[in-house]
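Below is the structure, then my notes in the order I looked things up.

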Amino acid sequence: MIIGLTGRNASGKGAVADYLKQKGFCYYSLSDVLRDFMRKRNIKITRENLIKSGNELREKSGSSVLADKIISRLDRNNNYAIDSIRNPEEIKSFRKTGNFVLLDIISSQKIRFERIKQRNRPGDPETLAEFISMENRELKSKNKSCQQLMDCAALADYKITNNGSLQELYNKINKLLKNLLMRNKRPSWDEYFINIAKVIASRSNCMKRKVAAIVVKDGRIISTGYNGTPRGTRNCNEGGCPRCNSLTTSGKNLEDCFCSHGEENAIVQAAYHGISLKGSTLYTTHSPCLLCSKMIINSGIIEIVYNAEYPMNENADRLLKQAKIKTRKVKE
């Protein structure tokens with residue numbers, strides 16, 4: 001889960017982020033990315049310079065540049081709190097990652113100004129007039145690359161009012177967290193096994209296409225395989241297969257290919273280790289070719305779940321149907 005935080009100056013975003021860190025959330029701030037950018041250019045770090053540098057960076061590299069830099073660092077197995085979201089394009093980028101929720105932290109202007117005076121950071125406004133003037137520049141701009149806090153607030157999934165004590169704020173976050181985490185769904189078994197097959201495919205040494213398959217029985221993986229040259233021979237990506245290394249047109253000169261397919265290797269590996277595949281399900285990143293389909297039928301596999309269509313497999317489909325092998329495609 002990724003929880004994004006937006007809101008006006010001194011609304012309490014930092015307090016929410018600190019509390020989420022206590023709950024095991026990893027933390028990133030778009031402002032920290034911006035500060036790194038400024039340090040490399042010897043720009044003094046003040047709020048005015050942060051606003052100016054952020055606007056210039058978005059203008060030059062795209063309005064989502066700060067978010068994109070953070071997204072490249074994320075691990076899908078962790079929960080994250082992301083602070084200092086100030087442009088709608090940043091929100092759009094985070095939404096593309098999947099399980100993203102945006103919180104708008106709200107507090108009255110009077111309370112926020114009092115907080116600013118208490119924290120006394122360098123570059124913070126010293127008078128209410130300065131505070132209001134700076135805030136107005138952040139709320140809305142005709143330049144879409146600039147800060148657009150009002151537009152960000154309009155895109156929030158939840159609004160948290162923070163005019164009371166820290167404990168009152170924490171209680172609100174606790175209540176929201178329970179609801180969010182309880183609805184955070186696990187992948188289905190099909191998604192789970194197909195995603196494992198995709199990781200296994202990364203081990204493929206084939207120059208043309210990386211394919212992998214796993215065989216599952218009673219919810220347990222009993223064999224895996226990815227495409228590549230046979231055991232003990234030179235890898236395809238080291239020049240081991242003449243067809244793949246000549247970048248032959250798809251479907252041509254298949255008799256010259258030294259690589260075994262992922263499904264083929266999964267079945268052969270089971271035989272090598274004396275494992276029966278009778279009654280099992282094969283998950284594969286691509287639907288099987290004719291040769292692999294024949295092996296699947298004779299191995300006792302009763303179902304195939306695949307992620308992408310393999311070209312030239314009309315005969316394979318016809319044969320699998322005749323053998324009453326169930327086939328289905330996982331929707332992405």
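Where is the place of Ser-84? I found Ser-84 in the loop between E3 and H5. One thing to keep in mind from here on: I'm working with a predicted model.

I went to Ser-84 for its phi, which is positive at about 65° even though the residue is not a glycine. Most residues other than glycine have a negative phi. Then I checked its accessibility: Ser-84 counts as buried because its relative accessibility is 7%, and the cut-off for buried is under 20%.

Lys-324 also turned up, with a positive phi near 60° and again no glycine. Lys-324 sits in the loop between H14 and strand E10 (326–329). Is Lys-324 buried or exposed? Lys-324 has a relative accessible area of 72%, so I put it down as exposed, the cut-off being over 50%.

**Entry: the cores**

Next I looked up the largest nonpolar core, which has 21 residues. The members that touch the most others are Leu-30, Leu-34, Leu-66, Ile-82, Ile-85, Phe-94 and Phe-100. At least two core residues come from each of helix H2 (30–40), helix H3 (47–61), helix H4 (65–71), strand E3 (80–83), helix H5 (88–95) and strand E4 (100–106). H2 gives the largest share, 5 residues.

Leaving out residues up to four places away in sequence, Leu-66 touches Leu-30, Val-33, Leu-34, Leu-57, Arg-58 and Glu-90. Apart from this core I noted another, of 19 residues, with Met-1, Val-101, Leu-169 and Leu-177 among them.

**Entry: cysteines**

How many disulfides does the count come to? I got 0 disulfides. For Cys-152, the nearest cysteine sulfur belongs to Cys-146 and is 12 Å away, whereas a disulfide needs the sulfurs within 2.5 Å, so Cys-152 is in none. Cys-152 counts as buried because its relative accessibility is 0%. Cys-26 comes out as partly exposed, since its relative accessibility is 30%.

Last, I looked for cavities. Searching the whole structure for cavities of 30 Å³ or more gave me 1. The volume of the largest cavity is about 30 Å³. Which residues line the largest cavity? I wrote down Asp-317, Leu-320, Lys-321, Ile-325 and Thr-327. Helix H14 (residues 314–322) supplies the largest share of that lining, 3 residues. By type, I sorted the lining into 2 nonpolar, 1 polar and 2 charged residues.

How values were computed. Residues are numbered from 1 along each chain as its sequence is written. This is a predicted model: local features need pLDDT of at least 70, side-chain atom pairs count only at pLDDT 80 or more; totals for chains, interfaces and linings use all residues. Side-chain values use heavy atoms; hydrogens and water are left out. A nonpolar core is a set of buried Ala, Val, Leu, Ile, Met, Phe, Trp, Tyr and Cys residues joined through side-chain atoms within 4.5 Å. Buried means under 20% relative accessible area, exposed over 50%, partly exposed in between (1.4 Å probe, protein chains only). Helices (H or I, at least four residues) and strands (E, at least two) are DSSP runs, numbered from the N terminus. Contact means heavy atoms within 4.5 Å. On a 1 Å grid over the protein atoms alone, a cavity is a set of points where a 1.4 Å probe fits but cannot get out, and a pocket is an open set with protein on both sides within 12 Å along at least five of seven lines; lining residues have an atom within 4 Å of a point. Grid points are joined across faces, edges and corners, and a volume is the space filled by probe spheres set on the points. Ala, Val, Leu, Ile, Met, Phe, Trp, Tyr, Cys and Pro count as nonpolar, Asp, Glu, Lys and Arg as charged, and the others, Gly among them, as polar.
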